[in-house]
Amino acid sequence: VLETVGYGGGREPIKSIVREEDGTLWVGTRGNGLFQRKNGTWKRFGRGSGLVSEIIRTLYIDPAGRLWVGSDGGGLSLRLEDRFVSATTREGMPNESVSQILMGDACRLWAGTHRGLAVLDEQALDLIAAGKLEDLHPLLINEADGIPAGEFTIVPPLKTSVGSYAFATVNGFIRLRPEDFHPGNTRPEVF
């Protein structure tokens, strides 16, 4: 049986769907924000809820059950209750477009952007969760490190059976060993 599901939005393209362990469904749209279905009821989240952009590119539920949102023009966002906190270039992200999110080992979050792969350590994730976004310094992996393109696609990244991670770019995909890349936790010296 085929069923068209109404989710409270219009006819905008759906870019990502994820489900929480309790069955809560999240639907990310291209231009109409984010929709949550919980206990049979749909609720919309957008700029008024803390999202900087309503053009959703990717959704990710991390192992702790937290919802992360990557958007076009709004950076990386984390759901805190019924609001979102967003990290953009003002807070240290390399780009406003986040297309891929993966929580790796050692509590590091990997975010594919349009300017490379940003790696946020546990300290940066704690700052985001506390809403203290003014001082993020992610490690940036880009063309200078050998990736074929700085722009990452919306194809979800994955962990391979041998412990490496694979990420899709606009010019092919990369595979890397996460232990070879370590974000710095110190502020760079300014002259």
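This is a predicted model: local features need pLDDT of at least 70, side-chain atom pairs count only at pLDDT 80 or more; totals for chains, interfaces and linings use all residues.
In what order do the four strands of the open sheet run, and is the pairing parallel or antiparallel? The order is β5-β6-β7-β8, and the pairing is antiparallel.

Strand β5 is joined to β6, residues 67-71, by five bridges. The two strands run antiparallel.

Which residues of α1 are buried? They include A124, L125 and I128. These residues lie on the same side of α1, because they cover an arc of only 100° around the axis. The buried residues of α1 pack against β6, β7 and β8. They also pack against β9 (98-103), β10 (109-113) and β11 (116-120). After α1 comes G131, with a positive phi near 75°.

Positive phi also turns up in residues other than glycine. E81 is found in the loop between β7 and β8. Its phi is near 60°, although E81 is not a glycine. Is E81 buried or exposed? E81 is exposed, since its relative accessible area is 68% and the cut-off is over 50%.

N39 belongs to another loop, between β3 (34-38) and β4 (41-45). N39 is not a glycine either, yet its phi is positive, at about 55°. N39 is exposed, with a relative accessible area of 77%.

A search of the whole structure finds eight aromatic pairs. One of them is formed by Y7 and W42. Their centres are 6.2 Å apart and their planes stand at 70°, an edge-to-face arrangement. What does this pair tie together? Y7 lies in the segment before β1 (14-19), whereas W42 is in strand β4, so the pair links parts that are 35 residues apart in sequence. The two residues can also be placed by accessibility. Y7 is buried, with a relative accessible area of 10%. W42 counts as partly exposed, at 22% relative accessibility.

A second pair joins F152 and F167. The ring centres lie 6.3 Å apart and the planes are at 85°, so this pair is edge-to-face. F152 lies in the loop between β12 (139-141) and β13 (158-159), and F167 in strand β14, so the pair ties together parts that are 15 residues apart in sequence. Both F152 and F167 are buried. They also belong to one aromatic cluster, formed by W110, F152, Y165 and F167.

Strand β14 and strand β15, residues 172-176, are joined by five bridges and run antiparallel. A168 has F173 as its bridge partner in β15. How many residues separate the two strands of this hairpin? There are two residues between β14 and β15.

Is T169 buried or exposed? T169 counts as buried, because its relative accessibility is 6% and the cut-off is under 20%. A polar atom of the T169 side chain lies 3.1 Å from the backbone nitrogen of N171. Leaving aside neighbours within four places in sequence, T169 is in contact with P148, A149, E151, F152 and T153.

Definitions and conventions
Residues are numbered from 1 along each chain as its sequence is written. Side-chain values use heavy atoms; hydrogens and water are left out. Two strands pair if DSSP finds at least two bridges between them. Buried means under 20% relative accessible area, exposed over 50%, partly exposed in between (1.4 Å probe, protein chains only). A polar contact is a pair of N or O atoms within 3.5 Å; within protein, one must be able to donate a hydrogen and the other to accept it, and residues adjacent in sequence count only if both atoms are side-chain atoms. Contact means heavy atoms within 4.5 Å. Rings of Phe, Tyr and Trp (its six-membered ring) pair if their centres lie within 6.5 Å; planes under 30 degrees apart count as stacked, over 60 as edge-to-face and the rest as tilted. The arc is that of the directions from the helix axis to the C-beta atoms.
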